[in-house]
Every structure is written in structure tokens, then in C-alpha cells.
Amino acid sequence: MQLNHAQRELTLKIVYYGPGLSGKTTNLRHLHAKASPEVRGRLLTVETHDDRTLFFDLLPVFFSTSSGFKVKVKLFTVPGQVIHNATRRIVLQGADAVVFIADSRRGATADNNAYWRNLQENMKENNLDPSQVPVVIQFNKKDLPDARTDAEIEESRRRGGEAVVGAVALRGEGVLETFHAVAQAAYRRLDTRAHLARNLGLTEAEFLGQIFRRMDLTGTALATMYGRAAGEARSGDGR
Amino acid sequence: MNGASGSGASDGVGASRRESVLQRRLSLADMLDLPSFVEVVRSFSELYRVGIKVMDTAGDKLADVKVGHGDFCSYVFGFPEGRSRCTATVARVKDGPVALVQGARPASGDGAEAAGIIALPCFTGLRYLVMPVRWEGDELGRVILGPFTPEELADLPPSLTDISGVDLSRAHELVARVRRVPERTAAQVLVHFGQVLAALVASGQRAFLATQLHIEAMLETHRELEANNARLAQANTRLKELDRLKSTFLGTVSHELRTPLASIIGYSEMLAEGLAGALNPEQLLYVRTIVEKGESLLNLISSILDLSQIEAGRLRLVMGPVDLGSVIQTAVSSVAPQAQRKGVELEVCLPPLPQPRLAADADKLRQVVVNLLANAVKFTSSGGRVSVVMSEATAQNELAAPGYRVSVEDTGMGIREDQFENIFQSFYQVDGSSTREHGGAGLGLAIVKSLVEGHGGRVSVESEFGRGSRFTVVLPLQPPLSEHGGFSALAPTPSPSGHDRF
Ligand SMILES: Nc1nc2c(ncn2[C@@H]2O[C@H](COP(=O)(O)OP(=O)(O)OP(=O)(O)O)[C@@H](O)[C@H]2O)c(=O)[nH]1
Ligand SMILES: [Mg+2]
């Protein structure tokens, strides 16, 4: 988090981490498509010709609070290929919250575990305390054969303290829910540390509302929570 | 980033590492390739015949193209009052807020409001349009279009004509060179320019971040490699030191054991020979057993000492001309009693003619042959045969040099092929049970290998399980510049940290 009182700006960083091809970039693409242009910038991707992330993807989401603070949430993805560990570590620098995109297939378990450990190591390398940085786990690619069942995912949720969301990012399922969970977790952590509500007048409801009322939430459970403006967002999105 | 203040305790990054460019707020200049950007601005200005300035929030000019208004403005600037009014106008345009305050009004034209364009009048009747450069919710600078003559301007205003000394016909003549255009058209040009600028910033940002991250990743990888190298070097040093300590320790201990043991054997032999009075048959049997077991213990300790000296790199070969044939004969005679006791036939086959001497350490070579022969006798049962064959000095394939080949062959129990590699390792026994049956600590062959390799030679084994074995030693006539077999240690693999989550 970077908090600049003089310029009344707050910048948050959320990093999408996980094994190669688990669907990190797909998550960001979907968020970009569902967010109204007034709250998001361009999706910056640096990819190889075969669509593997080379350095990172970046999707900025931003709004101004009722108290006149400018808030920017920067969503990054790391490159998942093994050789890019140094880049993963750099992108992870200063993360306020992490989404771990796991591949739901049982055959991917070893890979998920390896990257989970890699995440812990790189957090430590960056002086981030793994017990302090909230992590949301997304079980992606639930549509594929050999994917874990809902019961197995539930079982995995119980084994750790992280929020867990099932997803088929390719069809957009679970992507907004994951983002909602991580945004909420990031807010709560920062509110604990920097008292956003007290010092900035930025409540959790406003923080989430400013973002999610400007997202097209059609077909998700979030639609009822931020329902009023979901339609607005849709009609306001020209592209 | 200017004046940014990090907050909270854990925002810092690793002390040895720089903050990544991803953590910084980029300026407009970071994200634009300035030379090509200036060219774009110039061609835009020339196309629409109106000046364009681009400035960042710090007030630095990134591009500044003047078209048409230069002469008129200089003329007005030449009068003291004109100068002060001009300065005030320019200050408002360049440094004032891009907002509807301090004389600004919204510019007319499609999209002008959405783009945040304001119109600012000049006291001469000319006009400026100013557009903020917004990027992802931040304001990074401004674009100033103008001054231009608004289409709707009928005549020069009093604020200009009032200025004493201004020649109206001259002013008219010069103002005619300034582009005359409706404000909405000018605003559209500016909106369009804003779109081009956004595209340039997007690709510029991408290129800038990719380049910077490429460099950062390289530095990070380099740092990582250096740290790894340092760790490995440290581990290597420690292992070498441990290895040396182990060998020194073994050497010392062997010494300390051998001295008293030699006394035990000596005194026992004296007892057996009756020097302290006659022994009855039972006492004699016991004392001889003490001597026998003492000798085998002494042999074992000697082997350990040899090996530890080899491993500590302290074994020095005393090189001299050696007649290999007589070395073999001496070795044979020293194992002959053992063979005889066991009922194993010993056979020696040397070249018929005297052979050239080789450069070697005679004592160590004898030890090699003795070890091989003793081993062969040990694993051959009564009625079997052990033979040693020495070749003439000829070219040896293994060495790519001339040398001798000595084979020791037995009709013993043999060795399984999957054990061929292992038997030359220290303390290795073909199988646990043979230790008890045949004695020895499994050091003989390890010593043979070290000594032979110390001479620049090779030792190998062939065997048919159950039928017998043949050990072959190949020795060069002249050893290569002396060096002993190296002993390598493997660094322990780091234990993986963390737990499985999935
Ligand atoms: N079947 C299925 N395929 C998916 C899903 N999500 C992503 N994919 C596919 O998986 C592939 C990899 O997705 P990406 O989003 O590029 O993966 P990534 O994690 O960014 O990969 P790296 O950039 O290499 O780390 C693409 O072909 C996606 O279309 C999903 O839910 N189901
Ligand atoms: Mg990717």
C-alpha cells in the first residue's frame, strides 16, 4: 500500500500468483471486460507469441472516494513459467493481498504445492509476512475432467485459513467472486493497519461499492449486493 | 514519484534490493519515447497550423511546437504593458489549474467536456485550449493548444488596443498570420490529439515497463546466482574440512591402536615360544589364538591407516625403478602360507624374458598385489586355485600408453555384476554375511584402487558369479605427473521448506 496524504492518494496492490497456465491472465481479461471503463484502465499485457506471460499483466482499477481520496487498485499477474522466478519475486514486491490461482485437476496437485511454497518463499524474500498478507485461493478449470469435486474443494478450504473460490475463468465463472473476496480481504487488512475508515473516511462498503457497482455482475451472487448499479454499468459501457 | 510517503511497517522491500519500477508512479516522460513523440506533435501542429505544447505535472515541457503566432506575440511583447499581460496569460495557461476557475470556461465542441478541456482567453483576443493528460485516474500533465484566433472574434479587443503605442494596422497584419478557427474545431483537434497521446502512452508504458523489468529480472537472477555460488562454496569448504578432519582422526587413532597392539602380539609370541616358561598345550592354543587375532586386527588397522592417509592426500609415493616381476614374486611368497593352510593352489605366470622396469613405488605395488592375492585366497575354498599373470610391457588401451597388465584370477564364489562398481568403495562388503565368514573391513580393494590410480593406472574386475573372479591392474611404465585419485563430496540437497497446501 502506498498512502500519500499530501496528494490524497491510496494505491493498493493485488497479485495473481500460481503455476503456469493456471488461468491468471484469463482472470484479468475477464475483469477488464466486466469493469466499466470509468473504473479501469487498459489491460497491459506483456506476453510471448504463445500467450505466456513474459513479465506481468497489469489492470488498474480506480475511483475517487466521497471524501475526495483517489484510490487505485493495481491488479498484477506473475509469469507462471518456472524460469521466471526472479520476475515473480519482483512483481510480488509490496503486495497487499494475493490471489493464488490453482489448477483444480488432481494431476496438478504437485504443481500447486510447489508454487504455493514458491509463493511463501518469495514473500519472505520480499519481507512480506505470509501470515499477514491475505491470500484467496481460486480453484480454476473446474470444467475439465479430473477436476476436484466441490466436496474436495470444500475439504481443501477447511485445511487452511484462506478463502477458497471455485472457478471456470474461461467462462468468467468465479472470477468476480474471487476479486471480491480478495478486495475485501485487502481492505480489511489495510483498515487494521492504517485505519482507512477512521483516517480516510473510506468504509469497506464504500470501497467495495465504488468498484463493484461499476462492474457487470450479471449472473453472479454479487449482483444482488450491488444490484442497483449493475444495470448502469452495463449501459454505461460503450465498448 | 514526488513526495510519496510509504506507510506501515512491512511496506519495505529486501534491504539488498532496489524498489521495482512497478512500485513507482511513472511520469509522462517515462512513458513516452520523446524524440518520436515530438515528431508526432510537430506533424500535428503543422497539419492544423496551430501551436501545441505538452507539459508534465512538474511543469517540464515535453514538446513545444509554435506555429503562426510567433510574430504577433513578439510584437505585443515588445510593449511593457503587453509584456506584463502576456506573462500573466502564459502563466495561467501553463501553471494554473486545468479547471473551471481563474477565468477558464468549458470549451465548446463534441467530447470537449468529457476530455476536461478548458478555454482560456488571451488579452489580445486570441485563445488557448488546455486539456489535462489523464492516465488511469491520475493527472500526468497538460496539452496546450494555441493560441489561435477564434472564428467568432470580430475585432481586436480594447485590452489590446488600449496599450499605448500599438499600431493597429501592424497588429492586424500580424494577427492575420495566426490560424483562425472555430473553437469547436480546435477542441476536436485537441480531443483527437488526446486519443493519439493515450495510444502512445499505452505502448510507451508497456515498452518502458518491459525493458525495466527485463533489467530488474536479470539483476535479480544474477544476485540469486551469486548468493547460491557463495553458499555452495561455503558448503564445499566445510565438507572438505570435515573430510580432512575425519582422515586425520582415523590416522591418529590407527597409530594409537597399532602401538599397544604390536606389544600385545610381541609379548604373546614370546609366551608362545616359551620364553617365559613352558606352556601346556591348552595354554599354547590360547596364546596362538591371541597372536592370530591380534595380527588380523593389526592388518585391519593398517589398512584403515593407509586409506585415511590416501584420503587425506598425505600418501607420498616414493618413486623409483621397479622390477614388477620380483614385486609379484615377493607378494606371492607372503600369501603362500595362508594359501597353503587353506588348501588353495597358488600359480604364478611371469614373462619369460626380463622386462623393463617401471617408475613406481615398489612397497605400494607390493601392497596392491598382496591385497589382491589375499582377497582371492580368502574367497576361494579349499581345492580351488588362485593365479597371477603378468604381461610383457606393451601398449595398453586403457592408458593410451605402454605398460603392464597384472591379473589375479581365482576360482572362488565370484561377484555379481551389479556389485562391480561398489566393491572398490571403502568399507563395502559384497554382502553383510560375508563379513563374518571371511573377515576384513572391506578396505583392501579401496586401497588397491587408490594406489593403482595414484600410479596413473586402472583396476577393473570381471567375474562369473559362482565360478570365480579376475581382477586386472594396468600400470603405465611411466606415471603421468603424479597426482592421487581425487575424492569428491556432494553438497547436501537443501531440504524443501514449507508444507503442502493442496
Ligand atoms: N478449460 C479451461 N481452460 C482455461 C480456464 N481458464 C483458463 N484456461 C485456459 O488455460 C490456458 C492458460 O491460461 P492463462 O490465463 O494464459 O494462464 P496463466 O496462468 O496466465 O499462464 P502464464 O502466463 O504462463 O503463467 C489458456 O488457454 C486459457 O484459455 C478454465 O477455467 N477452463
Ligand atoms: Mg499469464
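How many residues lie between β1(B) and β2(B) in their hairpin, and which residue in the turn has a positive phi?

## Basis of the description

This is a predicted model, in which local features need pLDDT of at least 70 and side-chain atom pairs count only at pLDDT 80 or more, while totals for chains, interfaces and linings use all residues. Residues are numbered from 1 along each chain as its sequence is written, chains are lettered from A and ligands numbered from 1 in the order in which they are written, and side-chain values use heavy atoms, with hydrogens and water left out.

## The hairpin of chain B

Strand β1 (residues 52–56) and strand β2 (residues 61–65) of chain B pair in the antiparallel sense over four bridges; strands (E, at least two residues) and helices (H or I, at least four) are DSSP runs numbered from the N terminus, and two strands pair if DSSP finds at least two bridges between them. Within this pairing, B:Val54 has B:Ala63 of β2(B) as its bridge partner. The hairpin leaves four residues between the two strands, and B:Gly59 in the turn has a positive phi of about 90 degrees.

## Helix packing in chain A

Helix α1 (residues 24–34) and helix α5 (residues 175–194) of chain A have axes that come within 9 Å and cross at roughly 90 degrees, where axes are lines fitted to C-alpha atoms, for helices over the stretch in contact, and angles run from 0 to 180 degrees between N-to-C directions. α1(A) is therefore roughly perpendicular to α5(A) (65 to 115 degrees; under 35 is roughly parallel, over 145 roughly antiparallel, and the rest oblique). A:Asn27, A:His30, A:Leu31 and A:Lys34 of α1(A) make the contact with A:Val175, A:Leu176 and A:Phe179 of α5(A), contact meaning heavy atoms within 4.5 Å.

Helix α2 (residues 85–92) and helix α3 (residues 109–125) of chain A pack at an angle of about 55 degrees with their axes 9 Å apart, so α2(A) is oblique to α3(A). The crossing is right-handed (the near helix is turned clockwise from the far one by less than a right angle; anticlockwise is left-handed). On the α2(A) side the contact involves A:Asn85, A:Arg88, A:Arg89 and A:Leu92, which meet residues of α3(A) including A:Tyr115, A:Leu119 and A:Met123.

## Helix packing in chain B

In chain B, the axes of helix α10 (residues 362–378) and helix α12 (residues 444–454) come within 9 Å and cross at roughly 150 degrees, with α10(B) passing α12(B) in a left-handed crossing. Among the residues that meet are B:Val368 and B:Leu372 in α10(B) and B:Leu445, B:Ile447, B:Val448 and B:Leu451 in α12(B).

## Backbone features

The peptide bond from B:Gly146 to B:Pro147 is cis, with omega near 5 degrees, and B:Pro147 lies in strand β6 (residues 138–150) of chain B. In chain A, the non-glycine residue A:Asn127 has a positive phi near 60 degrees, and A:Asn127 is placed in the loop between α3 and β7 (135–140).

## The interface between the chains

Contacts link 53 residues of chain A with 48 residues of chain B. The area buried between the two chains is about 4,000 Å², with carbon and sulfur atoms giving 46%; buried area is the accessible area (1.4 Å probe) that two parts lose on being put together, summed over both. A:Arg42, A:Ile90 and A:Gln93 supply 15% of the area that chain A buries against chain B, more than any other three residues.
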